[in-house]
Amino acid sequence: MRANAIAIGFTLNGKPADVHADPARRLSDVLRDDLGLTGTKIGCNAGDCGACTILLDGEQVCACLTPTGRVAGRTITTVEGLAHNGTLSNLQSAFLRHGAAQCGICTPGMLMAASDLLSRAPSPTEAQVQDALGGVLCRCTGYRKIIDAVMDARPHPSAIPPAAGEAVGHRLTRVDGRARVDGSEIFGADALPDTPFLSLHVIRSPHAHARFTLGDFEPVLAATPGLTRVLTASDIPGQNRYGIYPEGKDQMVLAEGYVRHKGDPILALVGDEDALLAVDRKALPIDWEVLPTVDFATATGQDAIHEHAPNNILCRGRLACGDVDAGLAQATAHASITVRTGFVEHAYIEPEAGFARRVGDRIEITACTQTPYMDRDELALIMGLPKTSVRVIPTAVGGGFGGKLDLFVQPLLCISAWLTNRPIRMVVTRAESMLATTKRHPSHITAEAAADAQGHLTAFRFHGDFDTGAYASWGPTVANRVPVHASGPYRVPNALCTTAAIHTNGPPSGAFRGFGVPQAAIAGEALMDALAAQLGLDPWEFRRRNALGVGDATTSGQILGAGASLPECLDAIKPRYDELRAEAEAFNAAQSGPHRRGVGIACMWYGIGNTSMSNPSQMAIGVRPDGQFVLLSGAVDIGQGSNTVMSQIAADAVGIPVEHLAMTTGDTDLTPDAGKTSASRQTLVSGNAAHLAGTALRAEILRRVNTIELQDGKLALDLSSLPIDADGFVLRGDGTYDPPTTPLDADGQGVPYVSYAFAAQCALVEVDTSLGTVKALRIIAAHDVGRAVNPDLVEGQIHGGIAQGLGLALMEEYLPGRTDNLHDYLIPTIGDIPPIETILIEHADPNGPYGAKGVGEPALVATAPAILGAIEHAIGARITHIPATPDRVLAALSQ
Amino acid sequence: MDSYLRPADLATALHALGAARFRVVAGATDYYPQIASARTDERMLDITALPDLRGIERHPTGWRIGCLATWSDVVASPLPPAFDGLKQAARQVGGRQIQNAGTLAGNICNASPAADGVPCLLALDASVELASARGRRILKLADFIQGPRRTALRPDEMLLALHIPEHGGVSRFEKLGARAYLVISIAMVAVWAKLEAGRIAEARIAVGACGPVATRLPELEASLIGQEPTHATIEPHHLTPLRPIDDVRAPATYRRHAAEELIRRTITSLTTSSELAA
């Protein structure tokens, strides 16, 4: 029983606004749905994330917590009100200039909070910025560039764009940046069908493991005007099975009488949004038979939740080289460790959203995704349609990190749109997103390592059990990637590294920035510290003696080629590492209170692209009849900046100024298949494809003229006689690249990746030894990136990866059913990320475009072990149950 | 009957409360998260248009904080050192967005075991003024909050103001969480004390997030008299009123330990200047 709508007038972005609305409705909904101002984002509807921050009479408030009725007569400013007459404000320009907006979903909230601050303190201190922006969460940037931008919100001469052939290496402002700072970018929940639509709500299992039977829904339908349809498993037109790998598809669009985790979908309700909200969930005719829960600790001894996975073991991974027992036996120093980590939630600020519509005998899905082509192929199977009948149109992605690689809203949207012949929209709530989407795999790792008296590693043995939850998702990827990486970026003559992906009744564990390598590094790097200590060597020195470099063999038998630059990374951080160690020791010597400081170091390596599997990318660049250059890029930019990187590479390859290269992105009808945005592969794999396409187009043009000349940014050439192809091009270049790898044999030997990225990071932390709290004070990060196509973007990735690594180390643990919100599930805030010093090592990788390789996942891997090493340096105890929450640190101290 | 009312005078508001069941909403920062995205049939009485209830005013016997005073209002008000702890708490509630909208009175009425305002106001010996069409009554805060999410508020009443007696003295607040901002406490401590010649002459100590409701520690308060804040002795039996639980934020044993350490630090900090002192 809601109030009738009333007229509410206020001043909005300097102009009078009138709405006719229920005064109890959230202002965020009225701004977005009634006034069409979708720049104000909704991340949680609970005041936990700040994405909806607006100014009410000049003060920042959450629009999601503001009843519309109380803004009558008042003044509201949203992100759309910051620019004047099309000119960005100084603050917006500073965000672009500093790379403070990555995916852009938190950017409006950040801008509004900062606007409030700057109106009171035009030249704020860092502490003032942190206090003012402390209520807005960002999952991409690591906050440091946001702080820089707010402190530099003043007029600045506009940047000179790079000349032809000089885009690569340039700190080019993100080509799609403007829409991310002016509120016009369209994310999943901002995209609307152009005709009236219905909503979709999913009814999910409240039980982790259960059987169910469905009753008759006719009475519910009859009693609920506006409820159009109730979908069950029998409504799936094609196959009710999907999953990442071609074999072993195990996930159901709607469960068939049996659920394997809290959040498994069992029903879909289609109808008017208000009608769906009114459906009494508890009154739905569903009978449950609750089954005992299979948990990680005991899963292998319990009845299998999938027939194809006896003992609940989905798959195993293995790598062996040399003779590990002999290597362990001959050693001077020997260390072992057991590490436990939990579920980690991606916590992108944009919950999943999108809409589908039927267009004749085709289905179109517009939604946020990291992988439009895989979505298309999978949806074709579910819909029982040919691939050509499915069109996937990605929206901007408000953070992905691997979490938007799996289908989520897409299947039911497509099915319901198909069956009802109406556009159907779904916007997932924060709670549903956290309950039902994939997580980082919890791990239980046992490992040991040994070294000789000279400080050289002689052996490394590792076994990691990974909780892949209810469904396979990317579990096999984790099981295969981890053994290759487990021994770390070191020369190890004898290794045995094994993994198992284990099913439980937890949420499905999938892809999350690093695919298990971050968990493995927590164990491996702890062993390096322990061996160094036994041998009386500094942790840096021990790593330097063992660091993989050019010409070294990996544990999979691959000889590293030019560009492998871990020794250089270590050398680069050495001066700062030494200074910070000395600083920490001086601090501790002078302390009488409970605070102790420590410095930890960690190295990492990361293979770019899929493990020993084809993962091709295609790019095309063409010239339209009017001379306009256009890049067709199917690489989805999830905030990391691939649109910009592809533009820079492609423009240089063609030999034109990047500002004159237009772009069509990620629409399966319009762009060639660039594969998925994962495995840190876009810069190297799609970058190579873009480079090949650009080179081909250049050759095509130069067959006709001696030089490429532009007039008003367009090709100065008479193109009128040339035929126009299906993409609208008269001239074109196509490029395809698939990284050359070989299959791994039973011992994991082979060439799993074309290239590896390396990094060394060190962390300075302060531990409160009376409370167990840990504060990171500084991070130094040296990353081997081959070539930084865009140093600003590379730094942005490193900052953001460090922030997620810090979260993994210190605060993040998802507990199913207990932390399904952003106040119980903690991610780092603007006050948690210390200053970060980034050092880019640019030794060109011959396999990368202009020498470049990936950095997305490499950014994260080393941070948690560096922080955990720093804690050990400070207090003399290693935290092995992650995250190192205050109670765990205190318990370690008291042992 | 409208399901949303935003009356412009108190009599109308109280009449509405007497006539039908309403949820009284001020900052709405707890209201919306509780209804999440679900539809609600609850009627909302939005009290933000009521006049003269936002002030923080001095009266002959003490201070009156109107029910519409926000956390930001508390910070911005010139208040004596006894309120320093409350100001410290105000700056740590949610983000600035929450501080600008959320009210101290709402925090009390929401009665979360982790309510930041409650330990501070217990340490300040606060009372609440409740109003209905039938009249007004005043309750000690400790009597008002009866349990987690449970108060003595009757269906036809609203909390009109907080009253804080004029005792002088100084207060401090410490809150422990696992991140820098947007912290929901693992434990928190508020201490009010009167110092004479460097020694504690009178003290009130309250601990939050360590039991179903925030709790005073009378034995400790008594034992502190005559001690120097920097060398205060805390005995295990002083903490017996605490009833910490295991939850997603911390285990009970850690909470008890942390509470003791926070108490020690908060008492010690009585002698150092507060950056938030007016």
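Modeller: Let us begin with a pair of residues: Ala356(A) stands opposite Ile365(A) in strand E16 of chain A. Please keep in mind throughout that the model is predicted.

Colleague: How do you know that E15(A) and E16(A) pair, and in which direction do they run?

Modeller: Two strands pair if at least two bridges are found between them. Six bridges join E15(A) to E16(A), residues 362–367, and the two run antiparallel.

Colleague: What makes E15(A) and E16(A) a hairpin, and which residue in the turn has a positive phi?

Modeller: The two strands form the hairpin with two residues between them. In that turn, Gly360(A) has a positive phi of about 65°.

Colleague: Which other strand is joined to E15(A), and by how many bridges?

Modeller: Strand E18 of chain A, residues 424–427, is joined to E15(A) by four bridges, and this pair also runs antiparallel. Within E18(A), Met426(A) is the bridge partner of Gly354(A).

Colleague: Why is E15(A) called largely enclosed?

Modeller: A residue is buried if 20 or more other C-beta atoms lie within 10 Å of its own. Of the seven residues of E15(A), residues 353–359, five are buried, so the strand is largely enclosed by the rest of the structure.

Colleague: Why is Glu568(A) called partly exposed?

Modeller: Glu568(A) has 19 C-beta neighbours inside 10 Å. Burial requires 20 or more, while an exposed residue has 12 or fewer. The value for Glu568(A) lies in between, so the residue counts as partly exposed.

Colleague: Where is Glu568(A) found, and which residues does it touch?

Modeller: Glu568(A) is in helix H16 of chain A, residues 566–590. Leaving aside residues up to four places away in sequence, Glu568(A) touches Asp784(A), Ile841(A) and His843(A). Between Glu568(A) and Ile841(A) there are 273 residues along the chain, yet their C-alpha atoms are separated by 7.2 Å.

Colleague: How do you know on which side of H15(A) the buried residues lie?

Modeller: The buried residues of helix H15 of chain A, residues 539–546, are Pro539(A), Trp540(A), Phe542(A), Arg543(A) and Asn546(A). They cover an arc of only 165° around the axis, and this places them on the same side of H15(A).

Colleague: Against which elements do the buried residues of H15(A) pack?

Modeller: Their partners in chain A are strand E21 (457–469), helix H14 (517–535), H16, strand E23 (595–607) and helix H21 (863–875).

Colleague: How does chain B stand against the globule rule?

Modeller: Chain B has 10 helices and 14 strands. Its radius of gyration is 19 Å, close to the 19 Å given by the rule for 278 residues, so chain B too is as compact as a globular protein of that length. In chain B, 55% of the residues count as buried.

Colleague: Why are E11(B) and E14(B) called edge strands?

Modeller: The order E11-E12-E13-E14 in chain B describes an open sheet of four strands with antiparallel pairing. Strands E11 (170–176) and E14 (215–216) each pair on one side only, and they are the edge strands. Nine bridges join E12(B) to E13(B), with Glu196(B) opposite Arg199(B) in E13(B). H10(B) packs on this sheet, touching E11, E12 and E13 of chain B.

Colleague: How many residues does each chain bring to the contact between them?

Modeller: Chain B contributes 38 residues and chain A 49 residues. The largest share of the side of chain B, five residues, comes from H5(B). That side divides into 21 nonpolar, nine polar and eight charged residues.

How values were computed: Residues numbered from 1 in each chain as written. Chains lettered and ligands numbered in written order. Predicted model: local features only at pLDDT ≥ 70, side-chain atom pairs only at ≥ 80, totals over all residues. Rg over C-alpha atoms; globule rule 2.2 N^0.38 Å. Contact = placed C-beta atoms within 7 Å. Nonpolar A, V, L, I, M, F, W, Y, C, P; charged D, E, K, R; others polar. Arc of directions from axis to C-beta. Axes fitted to C-alpha atoms, helices over the stretch in contact; angles between N-to-C directions.
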